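Open the model in your viewer and follow the stops below.

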Amino acid sequence: MENVRSNTALTTILDSVASPMLGLCYDCGHDFVWSKTPYELPRRYQDRLFAVHLHDNMGINDEHLAPGEGMVNWANVRDIIDASSYEGSYTLESDSAVIPAGRTPLEHLLLHYKGAKAMLFP
């Protein structure tokens, strides 16, 4: 289950259904822009972390900026993942509404990749 604008249903279900087949898809950008307590949710479910979506924003809109271009606290994200049981892959959410003028699709993707790499593996 992915964290979105409201996590009421997510937390109710994860707290009520004890299944090894049910876990959290942590979206750090959604957490930063929509949560009143960013970084608490993945700590709460660190043993049920099933997927990680990476993107950044300025804390106002779900902008899908490259990691490092916004205000997400990447040290917190890194610490949370390191303390969790997560050993999976990362999804780069490089699907910004538009690729900025003058940037090729490959350059856009590489910016997101290099940002994620720098933020998570400094």
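**Stop 1: the pocket**

The largest pocket has a volume of about 190 Å³. A pocket here is an open set of points on a 1 Å grid over the protein atoms alone, where a 1.4 Å probe fits, with protein on both sides within 12 Å along at least five of seven lines. The volume is the space filled by probe spheres set on the points. The model is predicted: local features need pLDDT of at least 70, side-chain atom pairs count only at pLDDT 80 or more, and totals for chains, interfaces and linings use all residues. Residues are numbered from 1 along each chain, and side-chain values use heavy atoms, without hydrogens and water.

Select S6, N7, T8, S35 and T37. Of the 13 lining residues (an atom within 4 Å of a point), these five lie nearest the centre of the pocket. Now show α3 (40-44), which supplies three lining residues, the largest share.

**Stop 2: the salt bridge**

Which side chains meet in a salt bridge? Select D15 and R44, 2.4 Å apart, N to O. The term means a side-chain nitrogen of Lys or Arg within 4 Å of a carboxyl oxygen of Asp or Glu. D15 is in α1 and R44 in α3, so the pair ties together parts 29 residues apart in sequence. D15 is partly exposed at 48% relative accessible area. R44 is also partly exposed, at 42%. That class runs between buried (under 20%) and exposed (over 50%), with a 1.4 Å probe and protein chains only.

Definitions and conventions. Helix = DSSP H or I, 4+ residues; strand = E, 2+ residues; numbered from the N terminus.
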